[in-house]
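Dear colleague,

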Amino acid sequence: MDDHGESAALDAGLSGALTGFGHRLMARVYYADTDFSGVVYHARYLEFFERGRSDYLRLAGVHHTELAEGKHGERIVWVVRRMEIDFRAPARMDDILTIDTRTEDISGARIFMAQQLKRGDEVLVEAKVEAAIIGDNGRPRRFPKEWVAAFMPKVR
């Protein structure tokens with residue numbers, strides 16, 4: 001059955017988009033994201049931010065499945081080393097959220113990212129994330145040079 005190009009359009013929207021500063025992803029708040037008070041449960045914000053980082057990687061050409069299969073000579077995985085979160089205002093069921101992710105710095109095996117979760121122009125939650133890549137033995141691995149160019153923002 002011909003989908004008249006709808007699959008490509010859906011795939012493009014599913015992963016968000018690379019921007020001049022990094023990456024932007026849109027997401028809706030569902031009932032399952034909320035707690036008994038009708039606002040987003042605090043741990044769910046981590047999931048929204050993870051989706052933003054994962055889709056940023058995917059669109060920049062870094063695929064988790066390829067890393068796990070050893071595309072770079074060994075199995076590599078991403079780990080979050082540190083995260084700092086500021087909760088400013090709650091998101092609520094049916095809100096449409098924007099998750100912006102940008103790279104602030106890359107140093108050796110570590111990447112430092114800043115993320116914002118917004119409803120319209122209102123910043124609801126901000127996060128600073130330090131992540132690293134590690135090999136099978138659990139030891140840090142340097143970022144491949146081609147990744148540095150892919151992740152550093154074009155606009156400051």
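Asp94 counts as exposed because its relative accessibility is 52% (exposed means over 50% relative accessible area, buried under 20% and partly exposed in between, with a 1.4 Å probe and protein chains only). Asp94 is found in the loop between S3 and S4, and has a positive phi of about 75 degrees although it is not a glycine. Helices (H or I, at least four residues) and strands (E, at least two) are DSSP runs, numbered from the N terminus.

This is a predicted model, in which local features need pLDDT of at least 70 and side-chain atom pairs count only at pLDDT 80 or more, while totals for chains, interfaces and linings use all residues. Residues are numbered from 1 along each chain as its sequence is written, and side-chain values use heavy atoms, with hydrogens and water left out.

Salt bridges

The structure has 17 salt bridges (a side-chain nitrogen of Lys or Arg within 4 Å of a carboxyl oxygen of Asp or Glu). One of them joins the side chains of Asp95 and Arg119, at 2.6 Å from N to O. Asp95 lies in the loop between S3 and S4 and Arg119 in strand S5, so this pair ties together parts that are 24 residues apart in sequence. Asp95 counts as buried at 14% relative accessibility, whereas Arg119 is partly exposed at 25%.

Asp100 and Lys118 form another salt bridge, with their closest N and O atoms 3.0 Å apart. Since Asp100 lies in strand S4 and Lys118 in strand S5, the pair ties together parts that are 18 residues apart in sequence. Both residues, Asp100 and Lys118, are buried.

Nonpolar core

The largest nonpolar core has 30 residues, and those with the most contacts inside it include Phe48, Trp78 and Trp147 (such a core is a set of buried Ala, Val, Leu, Ile, Met, Phe, Trp, Tyr and Cys residues joined through side-chain atoms within 4.5 Å). Among the elements that give two or more residues to this core are helix H2 (44-59) and strand S6 (122-135). S6 provides the largest share, six residues.

Aromatic pairs

There are six aromatic pairs (ring centres of Phe, Tyr and Trp, the last by its six-membered ring, within 6.5 Å; planes under 30 degrees apart are stacked, over 60 edge-to-face and the rest tilted). The rings of Phe143 and Trp147 have centres 5.6 Å apart and planes at 75 degrees, so this pair is edge-to-face. Phe143 and Trp147 are both buried.

Yours sincerely
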